[in-house]
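Dear colleague,

I am handing over the structure we spoke about, and below it I have written down what turned up when I went through it. Please keep it open beside this message while you read.

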Amino acid sequence: MLHDPARHEPLQDIPWDEARAHAMIERIVRDTEAHFSAQSHWPVHPRDADGGPRDPAYPLYHGASGVFWALHYLDSVGAARLELPIADHVDALLPLNQAALGDSADAEAASYLIGDTGILLLADSLNPSDEHADRLESLIAGNIDHPARELMWGSPGTMLAALFLYRRRGEARWAELFRRSARRLHSQLLWSDEHQCHYWTQDMYGQRSTYLDAVHGFVATASVLIHGRDLLDASEWADWQTIITQTIAHTAIREGSLANWPAWLAAPGAPPPRQLMQYCHGAPGFVICLADLPGTELDEVLRAAGEATWVAGPLTKGSNLCHGTGGNGYAFLKLYQRSGDAMWLTRARSFAMHGIVQTEAEAARVGQLRYSLWTGDPGFAIYLWDCIRGAGDFPTLDLFDAGITAARSDRSSPTRTAHR
């Protein structure tokens with residue numbers, strides 16, 4: 001089976017209600033503003049505490065800077081009106097985040113989703129300065145050889161930050177950092193005789209892995225390369241496209257008309273990897289990361305991955321983006337963008353309505369919302385907005401500044417143009 005049924009629940013048959021989606025966005029924004037404290041920021045949800053102490057968090061992934069980003073984005077696109085003066089509070093997160101990282105603060109400062117890079121990128125968006133830019137340049141350059149080789153900690157994350165800065169500022173230094181990062185990653189590729197494809201290893205948490213997924217693995221890095229392909233020489237991009245297509249095609253696991261991917265490449269004789277069906281591990285993340293890939297070669301397997309996501313149903317872990325119903329729903333929005341088939345938008349909106357019920361039930365059970373971008377309710381509010389507008393730019397992966405996507409606006413996928 002391509003998914004674990006225990007991690008999913010039946011989809012509730014609730015008709016799409018745009019007014020209810022707007023109301024949930026408004027509820028999340030108003031509640032998030034009401035529970036902000038300049039001293040402690042937001043109360044930590046039990047799920048984000050993960051059984052440990054409920055200390056405040058600050059990173060882009062699950063902390064205060066991600067919440068600030070989400071609120072600012074929703075305000076910028078007209079989804080909600082913000083009253084909290086975010087720009088007054090972001091720079092103060094940097095020393096707090098460094099203290100929270102403790103002994104690893106220096107080694108992990110460049111991390112896009114956990115370290116200082118994401119916070120500085122937001123600070124520079126709100127209050128542009130040479131100081132922010134120079135510090136970001138130093139962090140990105142110093143992270144090119146990070147052994148993680150993945151989005152959260154490694155050079156693919158800081159390569160994405162360089163791309164966002166290039167789209168924002170247009171300065172050559174950011175394009176050059178993107179190219180340097182891409183070329184170093186190319187030099188670090190390994191070849192699997194068993195799977196007949198390229199891959200990377202990731203050194204994280206004291207272990208070496210071969211992740212394929214959309215946070216720690218191959219496909220997340222592929223997404224960054226796809227978005228920034230205009231910064232590469234034509235021959236470089238052609239090589240990357242062949243590598244990406246080959247690895248994705250050769251690692252897919254098929255059951256009839258459905259497809260999924262293992263969390264990592266298994267070594268010969270090792271037990272098979274887990275079969276998960278969520279953004280961070282599994283088919284939804286592959287669709288989201290690959291939806292802007294030019295050409296039609298992967299169209300069939302991406303549709304099969306979308307079907308597998310639909311068959312599995314909503315996740316029991318709530319409505320969040322990383323491992324919840326909202327994140328899986330983004331796969332449908334991406335397939336709608338790529339193909340123009342309205343079925344995918346209908347499915348995305350079905351997941352949105354189910355996610356609203358999940359959000360309401362979780363808040364009633366715990367006594368609070370979940371204040372986090374990737375793992376909580378502000379991220380889900382952005383998903384609801386994208387379901388309303390019928391488009392899917394995954395937060396802080398496809399875009400950072402409202403109206404500026406990581407992919408060039410004049411370089412649409414040929415498949416998307418053809419199907420429309």
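This is a predicted model: local features need pLDDT of at least 70, side-chain atom pairs count only at pLDDT 80 or more; totals for chains, interfaces and linings use all residues.

Ala148 has its place in the loop between α7 and α8, and with a relative accessibility of 1% it counts as buried, because anything under 20% does. The C-alpha atom of Ala148 is also 8.2 Å from that of His216, although 68 residues along the chain lie between the two positions.

Helix α6, which covers residues 116-126, has ten of its eleven residues buried, so the rest of the structure largely encloses this helix. Among those buried residues are Asp116, Gly118, Ile119, Ala123 and Leu126, and the buried residues of α6 pack against α3 (64-76), α4 (93-101), α7 (130-142), α8 (155-169) and β7 (399-401).

Turning to the aromatic rings, the structure holds 22 aromatic pairs. In one of them, the ring centres of Trp69 and Tyr73 are 5.2 Å apart and the planes meet at 5 degrees, so this pair is stacked. Trp69 and Tyr73 are four residues apart in helix α3, which means that about one helical turn separates them; Trp69 is buried at 2% relative accessibility, and Tyr73 is buried at 4%. Phe332 and Phe351, by contrast, form an edge-to-face pair, with 5.0 Å from centre to centre and 85 degrees between the planes. This second pair links distant parts of the chain, since Phe332 belongs to helix α14 (residues 325-339) and Phe351 to helix α15, 19 residues apart. Phe332 has a relative accessible area of 0% and is buried, and Phe351 is likewise buried, at 0%.

One aromatic cluster is formed by Tyr61, Tyr279, Tyr330, Trp374, Phe380, Tyr383 and Phe394, while Arg347 lies over the face of Trp344, at 5.1 Å from the ring centre.

A search of the whole structure finds one cavity of 30 Å³ or more, and the largest cavity holds about 100 Å³ of space. Its lining is made up of 14 residues, of which Gly318, Ser319, Glu362, Arg370 and Asp377 lie nearest the centre. Helix α15 (residues 342-366) gives the most to this lining, with four residues, and by class the lining has one nonpolar, eight polar and five charged residues.

With best wishes

Definitions and conventions: Residues are numbered from 1 along each chain as its sequence is written. Side-chain values use heavy atoms; hydrogens and water are left out. On a 1 Å grid over the protein atoms alone, a cavity is a set of points where a 1.4 Å probe fits but cannot get out, and a pocket is an open set with protein on both sides within 12 Å along at least five of seven lines; lining residues have an atom within 4 Å of a point. Grid points are joined across faces, edges and corners, and a volume is the space filled by probe spheres set on the points. Helices (H or I, at least four residues) and strands (E, at least two) are DSSP runs, numbered from the N terminus. Ala, Val, Leu, Ile, Met, Phe, Trp, Tyr, Cys and Pro count as nonpolar, Asp, Glu, Lys and Arg as charged, and the others, Gly among them, as polar. Buried means under 20% relative accessible area, exposed over 50%, partly exposed in between (1.4 Å probe, protein chains only). Contact means heavy atoms within 4.5 Å. Rings of Phe, Tyr and Trp (its six-membered ring) pair if their centres lie within 6.5 Å; planes under 30 degrees apart count as stacked, over 60 as edge-to-face and the rest as tilted. A charge sits over a ring if NZ of Lys or CZ of Arg is within 6 Å of the ring centre and within 35 degrees of the ring normal.
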